[in-house]
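Dear colleague,

I am passing on the structure below, together with some notes on what came out of it. Please read them with the model open beside you.

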Amino acid sequence: MSDAVLDRVPIKRALVSVYDKSGLEELVEGLHSAGVALVSTGGSAALIEGLGLPVTKVEDLTGFPECLDGRVKTLHPKVHAGILADRRLDSHVQQLDELGVEPFDLVVSNLYPFRRTVLSGATPDECVEQIDIGGPSMVRAAAKNHPSVAIVTSPVRYAEVLDAVAAGGYTLEQRRLLAAEAFQHTASYDVAVASWMGTVLTDTSEGTGFPAWTGSTWEKSAVLRYGENPHQSAALYKHWRGGLATAGQLHGKEMSYNNYVDTDAARRAANDFTEPAVAIIKHANPCGIAVGADVADAHRRAHECDPTSAFGGVIAVNRPVSLAMAEQVAEIFTEVIVAPAYDEGAVEVLQGKKNIRILVCPPDEHPDPVEFRAISGGVLVQQVDHVDAPGDDPASWTLATGDAAPDDVLADLAFAWRACRAVKSNAILLARDGASVGIGMGQVNRVDSCRLAVSRAGERAAGSVAASDAFFPFEDGPQILIDAGIRAIVQPGGSMRDELTVEAAKAAGVTMYFTGTRHFFH
């Protein structure tokens with residue numbers, strides 16, 4: 001037989017065995033109405049019976065009861081032969097007749113909620129019980145035999161199932177698509193299980209915290225217009241943990257590759273603060289970061305840091321955007337604004353700007369503890385840098401020289417230190433009253449970053465405080481800050497020449513703190 005003979009396989013018999021029962025009632029009622037015979041297991045069979053629909057339980061089909069607390073249900077030749085028989089082959093059809101096995105035309109199955117169980121804090125034994133065996137076996141068998149069987153793993157596809165039944169079955173092309181989705185479903189599941197086994201149940205990290213094997217899966221969410229430059233193609237893939245890749249867009253043009261990069265950096269900066277905070281980003285670096293009494297206040301003060309660079313920037317907010325803030329933003333050309341929510345009327349005001357992209361993205365529910373960066377032939381993996389290291393608490397800082405800072409100055413130093421983490425190295429950030437006033441970033445030496453920060457701050461440098469993401473190798477950088485009128489400096493310390501930096505600050509009567517923690521951001 002040829003593929004063309006089985007272009008459409010009429011759906012006369014379906015095996016239904018799902019954990020996620022979303023939409024299942026409508027599906028099985030529709031299948032029954034179309035004359036499809038239903039075979040099912042456990043809770044799925046109970047649901048079908050509860051609807052008053054005829055169903056053959058798998059244990060009645062196999063003559064063998066479900067056992068071992070449900071660990072064994074469908075692992076039987078009368079199930080898998082019915083799924084795996086290639087009906088293009090006369091020999092397979094003949095063997096089914098000889099064995100008294102009826103083939104399945106459709107398999108509907110999805111797997112135990114392994115990830116959800118792990119994230120719930122369940123015990124290892126409870127997690128192990130959510131490692132599905134029969135489900136993946138059925139899904140993979142049906143996907144392998146897609147020339148003869150259709151496999152559906154997502155409730156999103158249920159409406160299409162009934163359309164296919166009415167059309168005389170899925171086409172071969174449609175079955176191939178469903179098979180590809182099914183293998184992606186099981187691959188993602190297996191990666192989750194293997195990663196958990198390698199990090200929780202076995203010690204393959206040699207004490208480093210990094211297992212001998214790691215994996216992750218992403219689903220293509222969108223094809224972008226282009227990458228960093230028009231000659232580069234690009235796409236967006238989303239991860240099951242959520243985050244910016246799953247943000248909802250309420251208005252504006254399609255997001256570009258660079259929009260996503262900048263927006264991710266903006267969220268990183270704004271969400272470092274617990275008080276109302278706004279970060280404005282351009283080319284992955286801050287034009288301004290500020291906290292305030294409310295988001296409108298924080299936005300105004302962040303924008304004042306560098307209005308020229310903020311033109312065409314990306315804004316992130318760690319609170320719902322208020323109507324007052326929306327009215328401020330509407331006066332400025334902005335590429336993207338992202339927030340966890342928008343107050344009544346705020347979106348309508350922002351929509352007055354045709355091209356602004358309005359994104360809604362709640363805080364990451366399950367932030368990834370590690371981050372990946374591709375290099376030629378591999379990936380680098382590291383723990384995510386959060387501002388929660390011991391040296392990030394001002395109470396742990398060492399007073400290197402000068403008088404202990406009064407509360408208002410110490411608060412500005414704490415703000416500057418936290419905001420500095422969002423600046424690309426070498427990073428120098430000047431701040432006053434909970435707002436950045438000058439930022440020097442991305443320079444190949446710290447002296448130039450100091451000059452840039454002071455230049456952008458102008459007269460505002462006098463009386464402000466400074467934070468440096470890493471130690472000063474010489475006293476020349478701090479001297480530039482001191483000459484500009486800085487009141488206090490916070491830096492990691494740890495240079496061979498710390499005493500030179502300390503002496504420069506001491507001679508000028510400038511307070512200096514050491515954190516003992518570095519926040520490089522490349």
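Which residues does Leu106 touch, not counting residues up to four places away in sequence? In this predicted model, Leu106 is in contact with Ile11, Arg13, Ala14, Leu15 and Leu31, and also with Val149, Ala150, Val152, Val161 and Tyr170. Leu106 belongs to the largest nonpolar core, a set of 49 residues in which Leu15, Leu31, Ile83, Leu106 and Tyr170 have the most contacts. Helix 10, spanning residues 172-201, gives this core its largest share, namely 7 residues. There is also a second, separate core of 45 residues, with Ile281, Val314, Trp397 and Leu413 among them.

Helix 10 also contains Met197, which together with Val200 and Leu201 forms a nonpolar patch on the surface, with about 220 Å² of accessible area for the three together. Because the relative accessible area of Met197 is 31%, this residue counts as partly exposed.

Helix 19 (residues 498-508) has as its buried residues Asp498, Thr501, Val502, Ala504 and Ala505. Seen down the helix axis, these buried residues fall within an arc of 160 degrees, so they line one face of helix 19. The cover over them includes strand 16 (398-401), helix 18 (476-483), strand 20 (488-491) and strand 21 (511-514), whereas the face turned away from the buried side carries the exposed residues Lys506 and Ala507. Just after helix 19, Gly509 adopts a positive phi of about 70 degrees.

With best regards

Key:
Residues numbered from 1 in each chain as written. Predicted model: local features only at pLDDT ≥ 70, side-chain atom pairs only at ≥ 80, totals over all residues. Heavy atoms only, no water. Core = buried A, V, L, I, M, F, W, Y, C linked by side-chain atoms within 4.5 Å. Buried < 20%, exposed > 50% of the residue type's maximum accessible area, 1.4 Å probe, protein only. Helix = DSSP H or I, 4+ residues; strand = E, 2+ residues; numbered from the N terminus. Contact = heavy atoms within 4.5 Å. Patch = residues over 30% accessible without salt bridge, like charges linked within 9 Å, V, L, I, M, F, W, Y side chains within 5 Å. Areas by Shrake-Rupley, 256 points an atom, 1.4 Å probe, with all protein chains shown as cover. Salt bridge = Lys/Arg side-chain N within 4 Å of Asp/Glu carboxyl O. Arc of directions from axis to C-beta.
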